[in-house]
Protein chains: 2
Amino acid sequence: MRLSKSDKHQKAQTMLFRKLGDALGNQLEKSSPGSPILLPNGARIFNRLVEFLRNQYVHYGFQEVITPTIYKKALWAKSGHLENYADDMFTVTSTSPSRSDEPALDANSAANEYGLKPMNCPGHCLIFAAQKRSYRDLPIRYADFSPLHRNEVSGALSGLTRVRRFHQDDGHIFCRPSQIEDEIRKTLDFIRVAYSVFRLGPYRLALSTRPESYIGSLDDWAQAEGSLKRALDACGQTWTLNEGDGAFYGPKIDVILKDSDGKEHQTATVQLDFQLPKRFELEYQAPAPEVEQRGETTTDAALLAVSGPVAPVLIHRAVLGSVERLMALLIEHYNGKWPFWLNPRQGIILTVNDSEPVVEWARRTQRVLLGVEEALEGGVVAPSGLGAIDVDDSARSLQLKVREAKTKGYGMIIVVGPKNVAEGTVSVDATGVPQVGDKPAEKGLEMTPEELVVFMK
Amino acid sequence: MRLSKSDKHQKAQTMLFRKLGDALGNQLEKSSPGSPILLPNGARIFNRLVEFLRNQYVHYGFQEVITPTIYKKALWAKSGHLENYADDMFTVTSTSPSRSDEPALDANSAANEYGLKPMNCPGHCLIFAAQKRSYRDLPIRYADFSPLHRNEVSGALSGLTRVRRFHQDDGHIFCRPSQIEDEIRKTLDFIRVAYSVFRLGPYRLALSTRPESYIGSLDDWAQAEGSLKRALDACGQTWTLNEGDGAFYGPKIDVILKDSDGKEHQTATVQLDFQLPKRFELEYQAPAPEVEQRGETTTDAALLAVSGPVAPVLIHRAVLGSVERLMALLIEHYNGKWPFWLNPRQGIILTVNDSEPVVEWARRTQRVLLGVEEALEGGVVAPSGLGAIDVDDSARSLQLKVREAKTKGYGMIIVVGPKNVAEGTVSVDATGVPQVGDKPAEKGLEMTPEELVVFMK
Ligand SMILES: [Zn+2]
Ligand SMILES: [Zn+2]
């Protein structure tokens, strides 16, 4: 039987999951097609990626919000999704009609129907609109890691890349027209930093400009495209132009990543949007509102004396894009050689035999490495930051256990025998940890478990 | 106009949100009734709570998984939810019938309908069932922070406590019958540690036993109830008996927390379950399977020579319960005096005037405290662990700014003036930080921003 392209891909993905040690059963896939399940190793990588982004958010001024999964159809009508995106959406209703919000109305009435969110933007627009905003408050940047659902046709589903449920490292920037260039520049900087941390790349940047049918004024477009071009020029990366390829509501920049096979993947996006702020009647107060709206400044005291409402510019942006898809790229990219901080298998402790003192010392070493040996006041645990330290105390030969650990991609291989028990040490092979900077690959190290915690930092 | 009880509660919740600095607009509530939105301060507390639990999971042996939001109706039929829980559920369908998985079938056919998950258990049962399990693998403990949806009637919705969308610190333990007591004991220990960290309590434990209609054998029940009682006795807390009040599928322990007004809230639950493992035909392999199933041990070599399938016991457990509801309790409990690690407003830097050197020094101090002043290699940021350090560099009087900062509940109030600029220091009032252990409340401290980072740890 020949495998179709999509079967092949599915098989490749299954292999990738196996590499993670996360075997997925078919039953799982049948119960929720297109919703990948992340088992412990996958969830660890996912959480590390989110944690990394949260750390950077402190620097880039994003504030995380936690927002609903379902919104009334009326919201999706307002945002334009019902008109333009309904095919890709799921509808949510009360399973029992008696629990409908408006039981007198038909179950299919917009008052009783919800849309399962495919995007976070309408929710973030509501948050922006919920308070009075001044030009001094801007830019306001919201981040959101909510699960999103898009109803891909079932034949197209594949592993972690073509899915129905996924998470974006989603962000929306509400800024003044004069701030567009600076915000784009910072976003491109964020992307550069993140991709260099993952050692992903090279990537190219593609600017898509005004298409034939568009909303907004020609001035809006000229100003926005000018800002994007200046930010692109300033970032020092090569970029290409997709003339006329922008969305009808604004120009955008795509990040096109080349994988090790030379295949291109679209990951990050930076999308300007003139439409949603209008649909949601978003506004902030500023002096000289007409000048402000054009992104210009004035020193004219008469103009500045009068404040009024201005529509903010909305920038949608994702640095990783779909977190699940980026994970698939990383799994292929690292091919088992994870950087230590992302490795779901940071270390394994192997016993040279299964005698009680050796096994007990191995278990104690595990507790020390995980930071749970000494509970703090009241029994609270403040882990060491090391995740995923396993123990193999089976009676099999050490040689076999080492080979298996290496195949599985463990970073540190820590061996414990009677001599270690007597000396209070462990023997460490750190050659599985990809080198960062000038740390040499090390093997045959002897140290106490406590020293190893420090060494691993 | 007299306020109804629920209006009063709603108003109280709104006040609580205001205290957080998270003003919620009405429009938000109308677009997704019962789905609380967490704005930046609320999201910070939420994330800190999740982070705290994740840290403890390393110790208690829970492995986090990330699971789908929607599952086919067939799964909810198998789990019994369609039969027993349909009123509280939401149904999910393709918005466009052309995108149904089985377009030839009716849109209401189970093949095309999903349930929006109200609980994680069926998904975790699928994960358990996806691999062959041995008695040596048990206990297996899965944790999950997925959003859950339960279709409460709209009139009952209120703030963070009666909601339709919430997150549980959900966990499912699959264990051998002989491990029940030990697992319950560890869970009660976890609850004790967590509640003492939050300084919540006292709480009482209530054991609910076999009701009139039940599934499973009398032996199963006697054994399970005996394990729960022994674990309760061993934990040293007072506990009460709700005879006959258990679910039909197993006995449970509830944690009943008394708030400062003496009102009782049910928070954590530990629920034994004989039903789901049967419905999902879960099994693990063990020697002497009949003895094993009874939770007993044998030394009979003939019995031990034969291995066979045994049904695991499932324990549902949540330490906080609903994270949102626990947040509401904590907001009332701390009444603005957050422990430092949970405070969404850990510190604010106030300028004595708005001159450029003073404002610049305040901004630099903020960057140092947040850990973003010095980007690491490649521009990556490794924050200090301090969140939410704000700056007030408005031209208003210092006295006014201090009063406002205290009202808002900031932990550290950090003042910066020309003298500080000259000396490279900041002036710190740490009396807003509730004292832990023997650290005295401190005021009038002078130190460099870098020293303050260390001091705040
Ligand atoms: Zn968006
Ligand atoms: Zn459960």
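Reader: By what turn can chain B be laid on chain A?

Author: A word on the ground rules: this is a predicted model, in which local features need pLDDT of at least 70, side-chain atom pairs count only at pLDDT 80 or more, and totals for chains, interfaces and linings use all residues. Residues are numbered from 1 along each chain as its sequence is written, chains are lettered from A and ligands numbered from 1 in the order in which they are written, and side-chain values use heavy atoms, with hydrogens and water left out. Copies are superposed by least squares on the C-alpha atoms of residues with pLDDT of at least 70 in both. Chain B goes onto chain A with an RMSD of 0.0 Å and a shift of 0.0 Å along the axis, by a turn of 180°.

Reader: What relates the two copies, then?

Author: The copies meet through the same surface, because 100% of the interface residues of chain B are also interface residues in chain A. In chain B, the residue that comes closest to the rotation axis is B:Val92, at 2.3 Å (C-alpha). Chain B is laid on chain A by a turn of 180° with a shift of 0.0 Å along the axis. The two copies are therefore related as by a two-fold rotation axis.

Reader: Which residues coordinate the zinc ion (ligand 1)?

Author: Donors are N, O and S atoms within 2.8 Å of the metal (3.2 Å for Na, K and Ca), and sites may look incomplete because water is not among the atoms. In sequence, the donor residues of this zinc ion (ligand 1) are spaced C-x50-H-x143-H. At 2.1 to 2.4 Å, the coordinating residues are A:Cys121 (SG), A:His172 (NE2) and A:His316 (ND1).

Reader: Is A:His172 buried or exposed?

Author: Buried means under 20% relative accessible area, exposed over 50%, and partly exposed in between (1.4 Å probe, protein chains only). A:His172 has 1% relative accessibility, so it counts as buried.

Reader: How many residues apart are B:Cys121 and B:His172?

Author: In chain B, the zinc ion (ligand 2) is coordinated by B:Cys121 (SG), B:His172 (NE2) and B:His316 (ND1), at 2.1 to 2.4 Å. Helices (H or I, at least four residues) and strands (E, at least two) are DSSP runs, numbered from the N terminus. B:Cys121 is in helix H6 (residues 121-129) and B:His172 in strand E7 (residues 165-175), and the pair links distant parts of the chain, 51 residues apart.

Reader: How many aromatic pairs does a search of the whole structure find?

Author: Rings of Phe, Tyr and Trp (its six-membered ring) pair if their centres lie within 6.5 Å; planes under 30 degrees apart count as stacked, over 60 as edge-to-face and the rest as tilted. Over all chains, the search finds 32.

Reader: What kind of pair do B:Trp221 and B:Phe274 form?

Author: Both B:Trp221 and B:Phe274 are buried. Their ring centres are 5.7 Å apart, with 75° between the planes, and the pair is edge-to-face.

Reader: Which ring does B:Arg317 lie over?

Author: A charge sits over a ring if NZ of Lys or CZ of Arg is within 6 Å of the ring centre and within 35 degrees of the ring normal. At 4.2 Å from the ring centre, B:Arg317 lies over the face of B:Phe62.

Reader: What is A:Ser35 in contact with, leaving aside its neighbours within four places in sequence?

Author: A:Ser35 lies in the loop between helix H2 (26-31) and helix H3 (40-60) of chain A. It is buried, with a relative accessible area of 4%. With contact meaning heavy atoms within 4.5 Å, and leaving aside neighbours within four places in sequence, its partners are A:Arg165 and B:Pro68.
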